[in-house]
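This briefing is for a reader new to the structure. Please look over the sequence and the model before reading on.

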Amino acid sequence: MATAPTTPLGDPLRASEARARSAVLEEQILKDPGRFRVLTGDRPTGRLHLGHYFGTLQNRVRLQDVGVELFVIIADYQVLTDRDVADGLTGHVEELVLDHLAIGVDPERSTIFTHSAVPSLNQLLLPFLSLVSVAELNRNPTVKDEIARSRQSSVSGLMFTYPVHQAADILFCKANVVPVGQDQLPHLEITRTVARRFNDRYGDGTAVFPEPEALLSRAPLLLGTDGTKMSKSRGNAVPLAADADETARLIKGAKTDSERHVSYDPVGRPEVSSLLLLAALCQDRTPEEIAADIGSAGAAALKRTVTESVNTCLAPIRARRALYAQDRGALHRILREGNERARETADATLAEVRAAMQSHY
Ligand code: ATP
Ligand code: MG
């Protein structure tokens, strides 16, 4: 959805360009899915939420199902970018695997893995760090926003270099498509820069890495119940795994405005518009249609509609999630196999990188 003219999460002009590019990319993918490889993922910092689902998760499954190869990274090291200790890590990782299985990611066809289990992926970080300047890292608006909200009193080197580890995460498997929310666009720009500079400096006329493109969904920036970006760590999210009652309670507490007539105006009325968009995404209709249905019935009626829509849309996912949750052993087996596949891929890429850099002794 549209954002206010100045936003900490990236220039809206860039976002509209990225959206136009996503539409073209979408057509190319459908024509020839075998040409594409997707890397996408999340930090295990808490339960996945509706912002994830409509911002990127739906795209992940859809791409898998049209035949694109999918890698899902669980970015466990990156939990430490904005906090000192990764609390409850094993539980969060299990929840992430469960969420992916519940939405339809198939571990036979797709690779789900944890960042820390793939040493050769992490080795790419050193050469990649040499390809970006401190000034470029300083300018990244998403890093600035995350630093502003960090739980740490000072900025760690890990936080500062966040976009460069993401470059390693994406390029280790030579992914050329990354389904993301809008906040990730500045990061992806750095990945593209790293790929381009590596190829220029070491490629000897051939491209070692592709320059990956962002694939934005219809909801690249879903707002949370407080009217800012819905995030796991901001206490403003509606988790996919919430039950119907928790969902109702969270949506009831969502911020709206004092105007009784409900209308879709993402710039002037961001909170009401985000709720309308949410109902629209769940019902596969437009936010304007939902607004017209509600008219002057007010925010309470809007929230009832949103709650019903979310609960209906998520019911099958929640049911599948409950089934998978019964077998924790299977979750760990899926991760072990995913880690093994990711390691093979990363080893092959690292070998190429070392050869390109003349580091073969
Ligand atoms: P944290 O608060 O711990 O950073 P998060 O909710 O921002 O968590 P991430 O793991 O950082 O989630 O993001 C995972 C993916 O989900 C990214 O591609 C991101 O762009 C997307 N995403 C996260 N929140 C939203 C949102 N509110 N709307 C659309 N996409 C989102
Ligand atoms: Mg985030």
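This is a predicted model: local features need pLDDT of at least 70, side-chain atom pairs count only at pLDDT 80 or more; totals for chains, interfaces and linings use all residues.

How many residues in the lining of the largest pocket are nonpolar, how many polar and how many charged? The lining has 15 nonpolar, 18 polar and 14 charged residues.

**The largest pocket**

- The volume of the largest pocket is about 840 Å³.
- A total of 47 residues line the largest pocket, and those nearest its centre are His52, Glu146, Asp183, Gln184 and Lys229.
- Several elements each supply at least two residues of this lining, among them strand 1 (37-42), helix 7 (141-148), helix 9 (162-171) and strand 4 (177-179).
- Helix 10 also supplies at least two lining residues.
- The most comes from helix 2, which gives 5 residues to the lining of the largest pocket.

**The largest cavity**

- The count of cavities of 30 Å³ or more comes to 1.
- The largest cavity holds about 100 Å³ of space.
- Its lining is made up of 13 residues, and Leu223, Gly224, Thr225, Ala254 and Leu275 lie nearest the centre of the cavity.
- By class, the lining of the largest cavity divides into 7 nonpolar, 4 polar and 2 charged residues.
- Helix 12 gives the most to the lining of the largest cavity, with 4 residues.

**Helix 13 and its surroundings**

- Helix 13 spans residues 287-294, and its buried residues are Pro287, Ile290, Ala291 and Ile294.
- Seen down the axis of helix 13, these buried residues fall within an arc of 100°, so they line one face of the helix.
- An α-helix has 3.6 residues a turn, so residues three or four places apart point the same way.
- The exposed residues Ala292 and Asp293 sit on the face of helix 13 turned away from the buried side.
- Helix 12 (270-283) and helix 14 (298-324) are what the buried residues of helix 13 pack against.
- After helix 13 comes Gly295, which has a positive phi near 50°.

**Leu302 in helix 14**

- Leu302 is found in helix 14, and with a relative accessibility of 0% it counts as buried.
- Apart from neighbours within four places in sequence, Leu302 is in contact with Val262, Val272, Leu275, Leu276 and Ile294.
- Ile294, one of these contacts, is also one of the buried residues of helix 13.
- Leu275, another of the contacts of Leu302, is among the residues nearest the centre of the largest cavity.
- Between Leu302 and Thr256 there are 46 residues in sequence and 9.9 Å in space, C-alpha to C-alpha.

**Aromatic pairs**

- The structure holds 8 aromatic pairs.
- In one of these, the rings of Phe71 and Phe172 have centres 5.8 Å apart and planes at 85°, so the pair is edge-to-face.
- Phe71 lies in strand 2 (residues 69-74) and Phe172 in the loop between helix 9 and strand 4, so this pair ties together parts that are 101 residues apart in sequence.
- Phe71 is buried, at 2% relative accessibility, and Phe172 is buried as well, at 0%.
- Phe198 and Tyr202 form a tilted pair, 4.9 Å centre to centre with 45° between the planes.
- Both Phe198 and Tyr202 lie in helix 10, 4 residues apart, about one turn of the helix.
- Phe198 is buried at 0% relative accessibility, whereas Tyr202 is partly exposed at 23%.
- Phe128, Phe198, Tyr202 and Phe209 are linked into a cluster by ring pairs.

- Most residues other than glycine have a negative phi.
- Asp204 is not a glycine, yet its phi is positive, about 55°.
- Asp204 lies in the loop between helix 10 (185-202) and strand 5 (213-215).
- Is Asp204 buried or exposed? With a relative accessible area of 75%, Asp204 is exposed.
- Gln358, also not a glycine, has a positive phi of about 65°.
- Gln358 is found in the segment after helix 15 (328-356), and at 58% relative accessibility Gln358 counts as exposed.

Conventions. Residues are numbered from 1 along each chain as its sequence is written. Chains are lettered from A and ligands numbered from 1 in the order in which they are written. Side-chain values use heavy atoms; hydrogens and water are left out. Buried means under 20% relative accessible area, exposed over 50%, partly exposed in between (1.4 Å probe, protein chains only). On a 1 Å grid over the protein atoms alone, a cavity is a set of points where a 1.4 Å probe fits but cannot get out, and a pocket is an open set with protein on both sides within 12 Å along at least five of seven lines; lining residues have an atom within 4 Å of a point. Grid points are joined across faces, edges and corners, and a volume is the space filled by probe spheres set on the points. Ala, Val, Leu, Ile, Met, Phe, Trp, Tyr, Cys and Pro count as nonpolar, Asp, Glu, Lys and Arg as charged, and the others, Gly among them, as polar. The arc is that of the directions from the helix axis to the C-beta atoms. Contact means heavy atoms within 4.5 Å. Rings of Phe, Tyr and Trp (its six-membered ring) pair if their centres lie within 6.5 Å; planes under 30 degrees apart count as stacked, over 60 as edge-to-face and the rest as tilted.
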